[in-house]
Amino acid sequence: MAIRVLIADDQEMVRAGFRAIIDAQPDMEVVADAPDGVVAVAQARRLQPDVCLFDIRMPRLDGLEATRTLLAGRNGAGPRVVVVTTFDTDEYVYGALRSGATGFLLKDSGPTLLVEAVRAAASGESLVSPSVTVRLLERLSEPVKDGPAAVRVLTERELDVVELVARGKTNAEIAGTLFVSVSTVKTHLEAVRAKLPARNRVEIAAWAWEHGVVG
């Protein structure tokens, strides 16, 4: 089945451009587009798309608040949100991921990365523009004081998986590095999500940097 996508951006030309790129893919279709966050949330609740592409700066309800509103109380269920914006700032990136977004993409990343981000989100993965990934994770916050104690909630192998997630590795790459199956990696990640206040891979990566799992 096609990946169902909702686009929210206050610029009509951006919405039309994204629609053209996504509808050209054999495994994707745009089910709706919205000019602001209020309409986007209402459409997402009604249509239940697989992936939502939200701009940050939108009238009435910005992309960060729209993400929080849409995902509140869902515990990881519901649409995946990828924030797509012109503004490459730590504040926006951090706010998007902490709001529950699965990915963060700059508008000048190009159509290929846009399509990859949609596919990644639909499959439960995450994609952050390469130009901001390492900088973001290194600067998310100062290491927390309870870092060592918090890390002890995970097993040694779970920490191995978490570190590789924080370095941007896919499940297949993690499996190859640790000489385990992809299904085993997925099992470890489910266990990690159950133990940590993390809803997705990006939040797991943020937790890893905050708690000193990644040097």
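**Strands and helices**

Analyst: Strand β3 (residues 51-54) and β4 run parallel, joined by four bridges. Keep in mind that this is a predicted model.

User: Which residue of β4 is the bridge partner of F54?

Analyst: F54 has V83 as its bridge partner in β4.

User: And in β5, what is the bridge partner of V83?

Analyst: That is F104 in β5. Strand β5 (residues 103-106) pairs with β4 over four bridges, in the parallel sense.

User: How many residues of β4 are buried?

Analyst: Five of the six, counting residues 80-85. So β4 is largely enclosed by the rest of the structure.

User: Zooming out, what is the strand order in the sheet?

Analyst: The order is β2-β1-β3-β4-β5. It is an open sheet of five strands, with parallel pairing.

User: Which strands stand at the edges?

Analyst: β2 (28-34) and β5 do. Each has a single partner strand, so one side of each is left without a neighbour in the sheet. From one strand to the next, the twist averages 25 degrees.

User: How many bridges join β1 to β2?

Analyst: Six, and the two strands run parallel. β1 covers residues 3-8. One of the pairs is I3 in β1 with M28 in β2.

User: Switching to helices. Which strands does α5 lie across?

Analyst: Helix α5 (residues 111-122) lies across β1, β2, β3, β4 and β5. Its angle to β3 is about 135 degrees.

User: What about α3, where does that lie?

Analyst: Helix α3, residues 63-71, lies across β3 and β4. It runs at about 155 degrees to β3.

User: Which residues of α3 are buried?

Analyst: G63, L64, A66, T67, L70 and L71 are the buried residues of α3. Looking down the axis of α3, they fall within an arc of 165 degrees, so they line one face of the helix.

User: What caps the N-terminal end of α3?

Analyst: D62 does. A side-chain oxygen of D62 lies 3.0 Å from the backbone nitrogen of L64. L64 is also among the buried residues of α3.

User: And just after α3, which residue takes a positive phi?

Analyst: G73, with a phi of about 75 degrees.

Methods:
Residues are numbered from 1 along each chain as its sequence is written. This is a predicted model: local features need pLDDT of at least 70, side-chain atom pairs count only at pLDDT 80 or more; totals for chains, interfaces and linings use all residues. Side-chain values use heavy atoms; hydrogens and water are left out. Buried means under 20% relative accessible area, exposed over 50%, partly exposed in between (1.4 Å probe, protein chains only). Two strands pair if DSSP finds at least two bridges between them. Axes are lines fitted to C-alpha atoms, for helices over the stretch in contact, and angles run from 0 to 180 degrees between N-to-C directions. Contact means heavy atoms within 4.5 Å. The arc is that of the directions from the helix axis to the C-beta atoms. A polar contact is a pair of N or O atoms within 3.5 Å; within protein, one must be able to donate a hydrogen and the other to accept it, and residues adjacent in sequence count only if both atoms are side-chain atoms.
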